[in-house]
Amino acid sequence: MLTQIYNGHILTPQGWIDGGSVLIENGLITEVRKSSNIDPNAEKTIDAKGLHVVPGGIELHCHGGGGSDFMEGTEQAFRQAVKTHMQHGTTAIFPTLSSSTAEMMDAACHTCDQLMKEPGSPIMGLHLEGPYFNPRKAGAQMPEIIRNPDPKEYHHFVEDYDCVRRWDVAPELPGAIEMGKYITSKGVVAAIGHTAAEYDDVKRAYDAGYSLATHFYNAMPGFHNVREYKHAGTVESVYLMENMSVEMITDGIHVPVPILRLIYTIKGVERTALITDALAVSGSSSTKAFDPRVIIEDGVCKLSDRSALAGSIATMDRLINVAVTKANIPLRDACRMASETPARIMGIYDRKGSLQRGKDADIMILDNDIQLRAVYSMGELVEGTGKLYPLE
């Protein structure tokens with residue numbers, strides 16, 4: 001069946017098309033037109049009413065949602081969390097595990113492998129955030145689980161499962177450089193995170209294949225003194241690695257709005273991805289996180305002793321809204337950082353991340369207040385969305 005979304009303000013890689021159309025068939029985009037004339041073969045037409053038609057969001061870093069955490073490792077938890085985020089504009093997702101035991105990692109990898117095989121699955125692969133981190137920068141990671149890189153362990157997960165697509169490591173740890181070389185040789189994105197790395201550590205990691213900084217500015221030091229001498233922290237070092245990408249939690253809380261603007265200004269659209277770092281409580285009425293140490297307060301998750309932030313309750317639509325309305329980032333750039341840049345980082349831009357012929361029909365429709373009105377995944381309206389008419 002040929003579906004036509006017409007009368008849209010459509011974001012393409014070449015820029016905006018005002019009054020254009022997106023044609024969809026069998027879950028794929030068949031054409032993006034500059035006209036709203038109805039195609040004679042269109043069996044279903046959707047009036048976008050002049051609203052913004054943009055690529056669906058690609059979530060690089062998300063721990064759960066709708067009351068479920070990916071650390072639970074069950075099919076039910078995965079499906080519930082993914083469904084919740086899809087209702088808020090995410091159309092492709094890399095479920096994230098915080099530092100976990102080997103048993104928990106096995107369970108999640110097994111489930112992820114199975115769900116990825118389903119036709120049209122929005123699950124693109126698994127993101128392992130830890131457990132190879134610097135204990136001094138653990139943040140909300142469970143300290144008793146954090147450990148140094150173990151070749152036998154990480155070889156098992158990379159070689160025995162299909163789903164592992166990204167792994168975050170503190171690059172100053174013993175064995176971290178060797179691990180980076182190994183996982184990148186297997187097609188896994190290596191990221192630095194929960195780290196006390198200084199310039200030399202970051203440069204060695206970058207040279208070994210680490211190409212991404214996890215939730216930039218969070219759980220990493222900036223410029224600081226060691227006794228009387230000044231040192232570049234992880235933050236400044238990442239800025240100096242020209243081709244290292246960053247992800248930023250764009251909830252307006254984890255990273256202050258002026259810093260969001262600074263990251264965007266220095267790293268640019270092509271090297272900056274928007275992420276939620278959302279916990280299970282996001283998109284739900286739940287007040288309890290998977291980790292019993294975590295509380296929800298001031299619109300964010302924290303450790304109960306308030307020593308660290310512990311993930312967000314944000315969703316994809318909020319990321320774009322904050323970027324545009326708070327950080328004054330143009331809508332085009334905010335949408336690209338939520339879709340195109342994550343797709344490029346994770347190597348799925350051939351089928352996701354932009355509205356182009358032959359790509360998956362993953363689409364968000366936003367109004368002029370940057371509120372979500374509809375989500376399409378593989379050309380199908382996501383349940384719970386579709387409010388194209390003015391809200392009462």
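Leaving aside its neighbours within four places in sequence, which residues is Ser68 in contact with? The list is His63, Ala77, Gln80, Ala81 and Ala280, where contact means heavy atoms within 4.5 Å. Everything here comes from a predicted model, in which local features need pLDDT of at least 70 and side-chain atom pairs count only at pLDDT 80 or more, while totals for chains, interfaces and linings use all residues. Residues are numbered from 1 along each chain as its sequence is written, and side-chain values use heavy atoms, with hydrogens and water left out.

Ser68 itself sits in strand 8 (residues 68-69); helices (H or I, at least four residues) and strands (E, at least two) are DSSP runs, numbered from the N terminus. With a relative accessibility of 10%, Ser68 counts as buried. That word stands for under 20% relative accessible area, with exposed for over 50% and partly exposed for anything in between (1.4 Å probe, protein chains only).

Another strand residue, Gly20, belongs to strand 2 (residues 15-25) and is buried as well, at 0% relative accessibility. Once neighbours within four places in sequence are set aside, Gly20 is in contact with Ile5, Tyr6, Asn7, Gly8, Ile10, Arg33, Lys34, Ser35 and Ser36. Glu43 is 23 residues from Gly20 in sequence, and their C-alpha atoms are 18 Å apart in space. Pro258, by contrast, is exposed, with a relative accessible area of 59%. Its place is in helix 7 (residues 257-267). Between Pro258 and Asp113 there are 40 Å from C-alpha to C-alpha, for a sequence separation of 145 residues.

Two of the helices are mostly covered. In helix 8 (residues 316-325), 8 of the 10 residues are buried, namely Met316, Asp317, Leu319, Ile320, Asn321, Val322, Ala323 and Val324. Helix 9 (residues 331-338) has 7 of its 8 residues buried. Those are Leu331, Asp333, Ala334, Cys335, Arg336, Met337 and Ala338.

As for helix packing, two packed helices are described by the angle between their axes and the distance between the axes. For helix 2 (residues 102-116) and helix 3 (residues 151-160), the axes come within 11 Å and cross at roughly 10°. Axes here are lines fitted to C-alpha atoms, for helices over the stretch in contact, and angles run from 0 to 180 degrees between N-to-C directions. Helix 2 and helix 3 are therefore roughly parallel to each other, given that angles under 35 degrees count as roughly parallel, over 145 as roughly antiparallel, 65 to 115 as roughly perpendicular and the rest as oblique. Helix 2 brings Ala102, Met105, Asp106 and Cys109 to this contact, and helix 3 brings Glu153, His156 and Phe157. By type, the residues split into 4 nonpolar, 1 polar and 2 charged. In that scheme Ala, Val, Leu, Ile, Met, Phe, Trp, Tyr, Cys and Pro are nonpolar, Asp, Glu, Lys and Arg are charged, and the others, Gly among them, are polar.

On to the cysteines. The structure holds 0 disulfides, a disulfide being a pair of cysteine sulfur atoms within 2.5 Å. For Cys163, the nearest cysteine sulfur is that of Cys109, 4.0 Å away, and Cys163 is in no disulfide. Cys163 is buried, at a relative accessible area of 0%. Cys335 is in no disulfide either, and there the nearest cysteine sulfur, that of Cys62, is 19 Å away. With 1% relative accessibility, Cys335 also counts as buried.

Salt bridges are another matter: a search of the whole structure turns up 17. The criterion is a side-chain nitrogen of Lys or Arg within 4 Å of a carboxyl oxygen of Asp or Glu. One of them pairs Arg204 with Asp201, with the closest N and O atoms 3.0 Å apart. Both partners lie in helix 5 (residues 199-207), 3 residues apart, or about one turn of the helix. Arg204 is partly exposed, with a relative accessible area of 45%, whereas Asp201 is buried at 18%. Glu228 and Arg227 also meet through their side chains in a salt bridge (3.8 Å, N to O), and Arg227 counts as exposed at 77% relative accessibility. In the salt bridge of Arg373 with Asp367, the closest N and O atoms are 3.1 Å apart. Here Arg373 is buried at 12% relative accessibility, and Asp367 is buried at 6%. Elsewhere, salt bridges that share partners link Glu270, Arg336, Glu340 and Arg344 into one network.
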